[in-house]
Amino acid sequence: EIQPVEGASFSTNQLMPMGIQDEAVLQVSYHAEDLGTVKLGVNASVFYAGLMAWMGWFLFALFGAVGMAAMPLDLILAFMDRPR
């Protein structure tokens, strides 16, 4: 069992040894020296899951902002049209 190091927020002692699956990811990944980026190959299902997650985040931010902007106007109109 790995014990946390006191007085430090992170230490390499907290890392687990690499397993077979980690080594398999490293074999299909490579570091492009000329671009300074890491290219990581993913299959179609992982790509579309990430795409849908990003689209959901984007649409939530868009519609949430529109809803928060419209809420005060809706409350004012509901107050003006209340039964007397």
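## A tour from the bend in α2

Select A70: helix α2 bends there by about 30 degrees, and a proline, P72, follows within four residues. The bend is the angle between axes fitted to the seven residues ending at a residue and the seven starting there. The model is predicted: local features need pLDDT of at least 70, side-chain atom pairs count only at pLDDT 80 or more, and totals for chains, interfaces and linings use all residues. Residues are numbered from 1 along each chain as its sequence is written, and side-chain values use heavy atoms, with hydrogens and water left out.

Next, select residues 44-80, the whole of α2. This helix has 37 residues and reaches 53 Å from its first C-alpha to its last, close to the 54 Å expected at 1.5 Å a residue. The expected span is 1.5 Å times one less than the number of residues.

Now colour by pLDDT, the predictor's confidence in each residue, from 0 to 100. Among the elements, α2 has the highest mean (94) and strand β1, residues 30-32, the lowest (64). The mean for the protein is 83, and 79% of its residues reach 70 or more.

Show the whole chain. Its pattern along the sequence is α-β-β-α. Helices (H or I, at least four residues) and strands (E, at least two) are DSSP runs, numbered from the N terminus. Of the 84 residues, 4% count as buried (under 20% relative accessible area, with exposed over 50% and partly exposed in between; 1.4 Å probe, protein chains only).

Last, select M18, in the segment before α1 (20-28). M18 is partly exposed, because its relative accessible area is 48%. Leaving aside neighbours within four places in sequence, M18 is in contact (heavy atoms within 4.5 Å) with E23 and L26.
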